[in-house]
Amino acid sequence: MAKVTFIQLNGDTVMVDAEFGQSVMEVAVNEGIENIIGECGGTMSCGTCHCYVDKDWLNKLDSPSELELAILEGSVEPNQFSRLSCQIRVSNALDGLIVSVPSAQF
Ligand code: FES
């Protein structure tokens, strides 16, 4: 288990327990986190799992693939902290991960 914290639009934080191997998108959807939709189920074809990774955690993630970068370009208000949460796998190394939700996914 690892802790993942979601920062919501109003600034509230929600810390949840996540199983190793789950994607952050799956964790968010299971917990009902607002604005993380995951419409394609994690097959990297929808972009509705866009999130912003806390700057202290960003370099702990694997680099995004070209496809992920292309999808992120089409997301709402992407920035240098943008990632697809379906591509982030919970692991021991990511225990304590912090991500923020976007204002919208469409
Ligand atoms: S859930 Fe569709 S791209 Fe991540």
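Buried here means under 20% relative accessible area, exposed is over 50%, and partly exposed is in between, with a 1.4 Å probe and protein chains only. Helices (H or I, at least four residues) and strands (E, at least two) are DSSP runs, numbered from the N terminus.

A word on what we're looking at. This is a predicted model, so to speak of local features we need pLDDT of at least 70, side-chain atom pairs count only at pLDDT 80 or more, and totals for chains, interfaces and linings use all residues. Residues are numbered from 1 along each chain as its sequence is written, and side-chain values use heavy atoms, with hydrogens and water left out.

Okay, back to strand 5, and who sits beside it. Which strand runs parallel to strand 5? That's strand 1, residues 2-7, joined to strand 5 by 4 bridges. For pairing, DSSP has to find at least two bridges between two strands. Within that pair, Val4 stands opposite Leu97.

Strand 5, residues 97-100, also pairs with strand 3, antiparallel this time, through 2 bridges. Here Val53 stands opposite Val99, and Tyr52 stands opposite Ser100.

Now strand 3 itself, residues 50-53. Are its faces covered or open? Both are covered: His50 and Tyr52 on one side are buried, and so are Cys51 and Val53 on the other. Strand 3 also runs antiparallel to strand 4, residues 82-84, with 3 bridges joining them. Tyr52 turns up again here, with Ser82 as its bridge partner in strand 4.

Zooming out to the fold. The protein has 3 helices and 5 strands, and along the sequence they read β-β-α-β-α-α-β-β. The radius of gyration is 12 Å, close to the 13 Å that the globule rule gives for 106 residues, so the protein is as compact as a globular protein of that length. That radius is taken over C-alpha atoms, and the rule is 2.2 Å times the number of residues to the power 0.38. Along its principal axes, the C-alpha trace spans about 30 × 30 × 25 Å. Of the 106 residues, 41% count as buried. And if you take the contacts with a separation of 6 or more, residues 24 or more positions apart account for 66% of them; contact means heavy atoms within 4.5 Å.

Let's go through a few loops. Ser23 is in the one between strand 2 (13-18) and helix 1, and at 1% relative accessibility Ser23 counts as buried. What does Ser23 contact, leaving aside its neighbours within four places in sequence? Ser85, Cys86, Ile88 and Arg89.

The loop between helix 1 and strand 3 holds Gly38, which counts as buried at 13% relative accessibility. Not counting residues up to four places away in sequence, Gly38 touches Met25, Cys46, Thr48 and Cys49. Gly38 and Leu84 are 46 residues apart along the chain, with their C-alpha atoms separated by 9.3 Å.

Asn35 lies in the loop between helix 1 (24-31) and strand 3. Its phi is near 70 degrees, a positive value in a residue other than glycine, and at 23% relative accessibility Asn35 counts as partly exposed. Glu77, in the loop between helix 3 and strand 4, has a positive phi too, near 50 degrees. At 53% relative accessibility, Glu77 counts as exposed.

On helix 3, residues 66-73, we have Ala70, which is partly exposed at 47% relative accessibility. Ala70 and Gly47 are 23 residues apart in sequence and 9.7 Å apart in space, C-alpha to C-alpha.

Last stop, the largest pocket. How much space lies in it? About 170 Å³. Its lining includes Lys60, Asp62, Glu68, Arg83 and Arg89, along with Leu61, Ile88 and Leu94. By class, the lining has 4 nonpolar, 3 polar and 5 charged residues.

For the definitions: on a 1 Å grid over the protein atoms alone, a pocket is an open set of points with protein on both sides within 12 Å along at least five of seven lines, and lining residues have an atom within 4 Å of a point. Points are joined across faces, edges and corners, and the volume is the space filled by probe spheres set on them. Ala, Val, Leu, Ile, Met, Phe, Trp, Tyr, Cys and Pro count as nonpolar, Asp, Glu, Lys and Arg as charged, and the others, Gly among them, as polar.

Key:
1 Å grid on protein atoms, 1.4 Å probe; cavity = no way out; pocket = protein on both sides within 12 Å on 5 of 7 lines; lining within 4 Å.
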